[in-house]
Amino acid sequence: MSKHQYFQVDAFTSNIFSGNPAGVCSLDDWLPDHTLCKIAAENNLSETAFYVPRTNGFDLRWFTPEAEVDLCGHATLATAFVLYELKGFKGPRIQFHTRSGTLEVTPHKQGGYAMLFPSRKGEPVEPEPALLEALGGVKPLEVLKSRDYMVVLENEAAVRAVYPDMRMLKLIDSLGVIVTAKGDKVDFVSRFFAPKVGVPEDPVTGSAHCTLTPYWSEKLGKVELTARQISQRGGEVMCHYRGPNVLLVGQARLYLEGVINVPGES
């Protein structure tokens with residue numbers, strides 16, 4: 001039986017019980033992939049992050065209850081919070097080595113942490129009828145696709161009103177589906193659905209803002225934008241468009257810390 005430090009952090013929020021809860025598991029070396037999958041399934045959060053120290057930073061991976069994903073913003077933010085606030089990391093920036101390349105996270109002058117992520121600009125596409133049907137028959141202004149579909153609606157009220165058919169969304173050809181519109185009190189709002197990887201509706205999704213930020217930056221003619229994901233828990237993201245990159249800034253709060261017990265290989 002091996003023991004590993006474990007933390008649960010609410011990310012993209014300054015208040016406990018809001019934002020997106022992420023598991024963060026500290027490892028000295030990688031456990032087998034099937035064990036990482038079982039831990040993430042046991043935690044039953046939208047993502048659990050696992051990190052391993054290396055000479056020039058940390059290796060970082062993210063798992064939903066059903067699959068490994070290529071990029072996760074809120075669990076990266078949660079891991080940076082754990083390293084800076086709880087593990088005594090003192091450097092000016094953290095380098096995370098991931099499937100999406102090297103990601104840098106730095107403390108932000110206004111509080112929280114700034115994450116430099118790759119921009120994932122969506123390309124306009126003709127939506128498949130099943131996608132719109134799965135979202136309750138919405139009438140989009142535009143539909144774009146990068147890793148995920150992004151469906152642009154008329155206003156914030158229309159985004160709030162979406163009631164998707166999760167069984168149908170599982171059949172759509174993308175990891176997830178973003179629904180977005182111009183915000184009433186912020187620059188833009190969004191929701192994110194990924195039932196294909198075990199996340200029916202994600203509370204706050206950093207990776208989705210890699211696609212949202214370039215779109216709304218061009219539409220609104222602004223480089224710095226305020227965003228809110230209007231899930232039941234809700235969360236705030238400050239977004240800065242930097243061409244090939246986006247800078248996402250968010251707060252985080254510790255909810256839980258402890259030790260997990262992992263059985264040895266039989």
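Predicted model: local features only at pLDDT ≥ 70, side-chain atom pairs only at ≥ 80, totals over all residues.
Trainee: What is the volume of the second largest pocket?

Mentor: The second largest pocket has about 190 Å³. Fourteen residues line this pocket, written as 14 in the count, and Glu236, Met238, Val249, Gly250 and Gln251 are the closest to its centre. Two or more lining residues come from each of β15 (224–229), β16 (235–242) and β17 (245–250). On a 1 Å grid over the protein atoms alone, a pocket is an open set of points with protein on both sides within 12 Å along at least five of seven lines, a cavity is a set where a 1.4 Å probe fits but cannot get out, and lining residues have an atom within 4 Å of a point. Grid points are joined across faces, edges and corners, and the volume is the space filled by probe spheres set on them.

Trainee: Which element gives the largest share of the lining of the second largest pocket?

Mentor: Strand β16 does, with three residues. Helices (H or I, at least four residues) and strands (E, at least two) are DSSP runs, numbered from the N terminus. By residue class, the lining of the second largest pocket holds six nonpolar, seven polar and one charged. Here Ala, Val, Leu, Ile, Met, Phe, Trp, Tyr, Cys and Pro are nonpolar, Asp, Glu, Lys and Arg charged, and the others, Gly among them, polar.

Trainee: How many cavities of 30 Å³ or more does the structure hold?

Mentor: There are two cavities of 30 Å³ or more. The largest cavity has a volume of about 110 Å³. Its lining has 18 residues, with Glu47, Phe192, Asp202, Thr205 and Ser207 nearest the centre of the largest cavity. Helix α2 (73–86) and the strands β13 (188–194) and β14 (199–202) each contribute at least two residues to that lining. The lining of the largest cavity divides into nine nonpolar, six polar and three charged residues.

Trainee: Which residues line the second largest cavity?

Mentor: The lining is formed by Leu169, Ser174, Leu175, Gly176, Val177, Phe193, Ala194, Pro195 and Lys196. The second largest cavity has a volume of about 30 Å³. Six of its lining residues are nonpolar, two polar and one charged.

Trainee: How many salt bridges does a search of the whole structure find?

Mentor: Side chains of opposite charge can pair when their charged atoms come close. The search finds 15 salt bridges, each with a side-chain nitrogen of Lys or Arg within 4 Å of a carboxyl oxygen of Asp or Glu. In one of them, Asp70 meets Arg147 at 2.9 Å, N to O. Asp70 lies in the loop between β5 (68–69) and α2, and Arg147 in the loop between β10 (142–145) and β11 (149–152), so the pair ties together parts that are 77 residues apart in sequence.

Trainee: Are Asp70 and Arg147 buried or exposed?

Mentor: Asp70 is buried, with 18% relative accessibility, and Arg147 is buried, with 16%. Buried means under 20% relative accessible area, exposed over 50%, and partly exposed in between (1.4 Å probe, protein chains only).

Trainee: Which residue forms a salt bridge with Lys121?

Mentor: The partner of Lys121 is Glu218, and their closest N and O atoms are 2.8 Å apart. Glu218 belongs to helix α6 (residues 209–220) and Lys121 to the loop between β8 (113–118) and β9 (123–124), so that distant parts of the chain, 97 residues apart, are linked. Glu218 is partly exposed at 48% relative accessible area, and Lys121 is partly exposed at 42%.

Trainee: Where do the partners Asp187 and Lys222 lie?

Mentor: Asp187 and Lys222 form a salt bridge whose closest N and O atoms are 2.8 Å apart. Asp187 is in the loop between β12 (177–182) and β13, and Lys222 in the loop between α6 and β15, 35 residues apart. Asp187 is buried at 12% relative accessible area, whereas Lys222 is partly exposed at 32%. Elsewhere, salt bridges that share partners join Asp70, Arg120, Arg147 and Asp148 into one network.

Trainee: Which phi does Phe12 have?

Mentor: Phe12 has a positive phi of about 60 degrees, although it is not a glycine. Phe12 sits in the loop between β1 (2–11) and β2 (20–26) and is buried at 0% relative accessibility. Asn44, also not a glycine, has a positive phi of about 55 degrees; Asn44 is exposed at 57% relative accessibility.

Note on methods:
Residues numbered from 1 in each chain as written. Heavy atoms only, no water.
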